[in-house]
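This report describes how two protein chains meet in one structure. Please look over the sequence and the model before reading on.

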Amino acid sequence: MRDCRNAESFYLYLEEELDPSGRREFEAHLAHCPSCRDVLAERRLLHEAFTSLPPFEVPPDFALSVMARIPEAAAEKTGWLAALASGLAALVVGLLGFYILTGESLSDVLIAVSRSLGSGFGRLLPLFAKLLKVGDLLLDVASDFMAMLGKGLVALLSSLGPDGIGLILGLGLLLSVLLFFGAKRLLSLGEKI
Amino acid sequence: MSSFSEDSTLVARALKGDRKAFEMIVRKYEQPLTNYLGRMTGEREAALDFTQEVFIKVYCSLGSYRPAYKFSTWLFKIASNHLIDHWRKKKLPTLSLDQPVDGDEATLTPQVPDPGPSVARKFELAEIRQKIERALDAIPEAFRELFVLRHVNEFSYEEIADIKSLPVGTVKNRVFQAKEMLRKRMEGS
């Protein structure tokens, strides 16, 4: 015979939270206990009221007001990443272009880059002066090209998501390693000479 | 598509910067979240403010959501913590679930079914609901919260245990105690 003192069972029974044997035992007890049947009827009405409390009214434009308060967080957070990835991608494109146009191997390109970087600030000054003259002419064309490249990269990055950005950063890291070993080789060649 | 995987998809899209996806999350959960926060604060306007704040918090924390867990559980955990922070800042007295409750509720233990005058027989369902609303404001918030999560938001006991980081048995017992507190207050009113 079931113990009438277990008041929690009434709620668990109504919520169908009793296991099958507990449920059978409870129902068997109810069959011959009028007092528990009365209590169950009362708890059933209460349970119905508990589970049908009216909702709070939410304004129809509530979601829009939430969205208005949410900053462009995603774009802000990845802005610097996009700039870095764009720079690295532009460098890769430039090196590949040089490789295709000159036919030099990638290691030769890297050595040439390292050599030009190590040739001394004094030797570069006249070169910069000449480059400035040519640069004026090329600037307009280059800025348009870079703007297009930038837009393309931003679109590419937004479609790639965090994984794609990670991949590009990995590519940049690989390039840095190649540059490092290229410079190392240049230095070792210099020692031999 | 199940609600579980649908939520995960929306979160993944929102993380890629798709604001429309997050708006869909807001539309899906604005009502249940306002119901929960409304019952906890007792005021509709305050509930709407809290709901907005919770959604902003959720948006800023989306990166920490793990799709292995149910999104609604994660969302309500943030909402529950937000309420606790608010009460702490306001220095309102909060009641730990481990503390005994003062008054009659402290002695809420399994008891003989009360054969006295029945609340259910005295009032119609609508009147009972009104009484429940009033009684809810009077019971300690730690009990009220579990009751609301169970019967207003219809979470399972296991989900509530996840949200509140409590054992399932404790949640069941506390929800039962909350209901008995409500019943006793309604009988006394």
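## The contact between the chains

Two residues are in contact when they have heavy atoms within 4.5 Å of each other. The model discussed here is predicted. The contact draws 44 residues from chain A and 52 residues from chain B.

Chain A and chain B bury about 4600 Å² between them, and 63% of this area lies on carbon and sulfur atoms. Of the area that chain A buries against chain B, 16% comes from Phe50(A), Leu53(A) and Phe56(A), more than from any other three residues.

## Charged and polar pairs

Six salt bridges are counted between chain A and chain B. A salt bridge joins the side chains of Arg150(B) and Glu17(A), at 3.5 Å from N to O. Across the interface of chain A and chain B there are 13 residue pairs in polar contact, both residues being at pLDDT 80 or more.

## The side of chain A

On the side of chain A that touches chain B, the elements giving two or more residues are α1 (8–14), α3 (34–50), α4 (62–69) and α5 (73–102) of chain A. The most comes from α3(A), with eleven residues. By class, this side of chain A has 27 nonpolar, five polar and twelve charged residues.

## Helix α3 of chain B

Helix α3 of chain B covers residues 44–61, which is 18 residues. At 1.5 Å a residue the helix should span 26 Å, and its end C-alpha atoms are 25 Å apart, so the two values agree.

Several residues of α3(B) are buried, among them Ala47(B), Leu48(B), Phe50(B), Phe55(B) and Tyr59(B).

Methods. Residues are numbered from 1 along each chain as its sequence is written. Chains are lettered from A and ligands numbered from 1 in the order in which they are written. This is a predicted model: local features need pLDDT of at least 70, side-chain atom pairs count only at pLDDT 80 or more; totals for chains, interfaces and linings use all residues. Side-chain values use heavy atoms; hydrogens and water are left out. Buried area is the accessible area (1.4 Å probe) that two parts lose on being put together, summed over both. A salt bridge is a side-chain nitrogen of Lys or Arg within 4 Å of a carboxyl oxygen of Asp or Glu. A polar contact is a pair of N or O atoms within 3.5 Å; within protein, one must be able to donate a hydrogen and the other to accept it, and residues adjacent in sequence count only if both atoms are side-chain atoms. Helices (H or I, at least four residues) and strands (E, at least two) are DSSP runs, numbered from the N terminus. Ala, Val, Leu, Ile, Met, Phe, Trp, Tyr, Cys and Pro count as nonpolar, Asp, Glu, Lys and Arg as charged, and the others, Gly among them, as polar. The expected span of a helix is 1.5 Å times one less than its number of residues. Buried means under 20% relative accessible area, exposed over 50%, partly exposed in between (1.4 Å probe, protein chains only).
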